[in-house]
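Dear colleague,

Please find below the structure that I am handing over to you.

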Amino acid sequence: MNQQGKTLTILATGSILGFAAAILFMTVWTTSESPKSSADQEPWSAFPLANATASTLSEGVSLATGSFNGANELLYYLDSQSGRLTAALLARGEQAFTKLYTRNIKADLTQAAGELKMSTPPETRFIMVTGDADIRQVGAGEMNKVSQSFLYVAEINSGIVLVYAIPNEGDRDLTISNGEIIFWTFARLNNGLTSK
């Protein structure tokens, strides 16, 4: 095949793929639920939202994100030296952090270590990540009153993993302090780096 034939083949293939993508886009766009009022909807609201979480660690500070209720996201900030864990609720509609939650995770680590009949490591090093935990739809009681993600904080010298949740804003009968992160549970999943 000569150069002109190759060029025509590439152009034809690109045109066909572009046309197919346009049809797919229009099919998704037109079959999505119609907004009640164009003024009430964001231009991208007809598309499903991606479910993404992230975490990072630098110089004793960890950051992670997790879903609060599908429409709002949480940003977690952990100062490993002080043990202060802060979560900020980001409301998409207001484009601002609307609520702060806090907790001292070193106190929780001490409690967990005591229940596991071990000592708290003299030097603590934490890493954290979030995971989906939409348990609000299961049964009744306290399990219906938390965010759609859990925060997992691992203390790597002991192997203890602490699990946290954020109270759901709509539930006013929680037995916790206003703005307090819920210490959900813990487990020792590993011997840790300082174990012999």
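A nonpolar core is a set of buried Ala, Val, Leu, Ile, Met, Phe, Trp, Tyr and Cys residues joined through side-chain atoms within 4.5 Å. Please note that the model is predicted.

The largest core of this kind comprises 23 residues, and Tyr76, Leu85 and Tyr164 have the most contacts inside it. At least two of its residues come from each of strand S3 (72–79), strand S4 (84–91), helix H2 (105–115), strand S6 (126–132), strand S7 (149–155) and strand S8. Helix H2 contributes the most, with four residues. Apart from this core lies another of six residues, including Val146, Phe150, Val163 and Ile182.

Beyond its neighbours within four places in sequence, Tyr76 is in contact with a number of residues, among them Leu85, Met128, Leu151 and Ile166.

I turn now to the charged side chains. The structure contains two salt bridges, and these link Arg103, Asp108 and Glu180 in a network. Arg103 pairs with Asp108 at 2.7 Å, N to O. Asp108 is buried, with a relative accessible area of 3%, and Arg103 also counts as buried, at 19%, because the cut-off for buried is under 20%.

The other salt bridge joins the side chains of Arg103 and Glu180 at 2.8 Å, N to O. Arg103 belongs to strand S5 (residues 96–104), whereas Glu180 sits in the loop between strand S8 (160–165) and strand S9 (182–188), so this pair ties together parts that are 77 residues apart in sequence. Glu180 is partly exposed, with a relative accessible area of 24%.

Yours sincerely

How values were computed:
Residues are numbered from 1 along each chain as its sequence is written. This is a predicted model: local features need pLDDT of at least 70, side-chain atom pairs count only at pLDDT 80 or more; totals for chains, interfaces and linings use all residues. Side-chain values use heavy atoms; hydrogens and water are left out. A salt bridge is a side-chain nitrogen of Lys or Arg within 4 Å of a carboxyl oxygen of Asp or Glu. Buried means under 20% relative accessible area, exposed over 50%, partly exposed in between (1.4 Å probe, protein chains only). Contact means heavy atoms within 4.5 Å.
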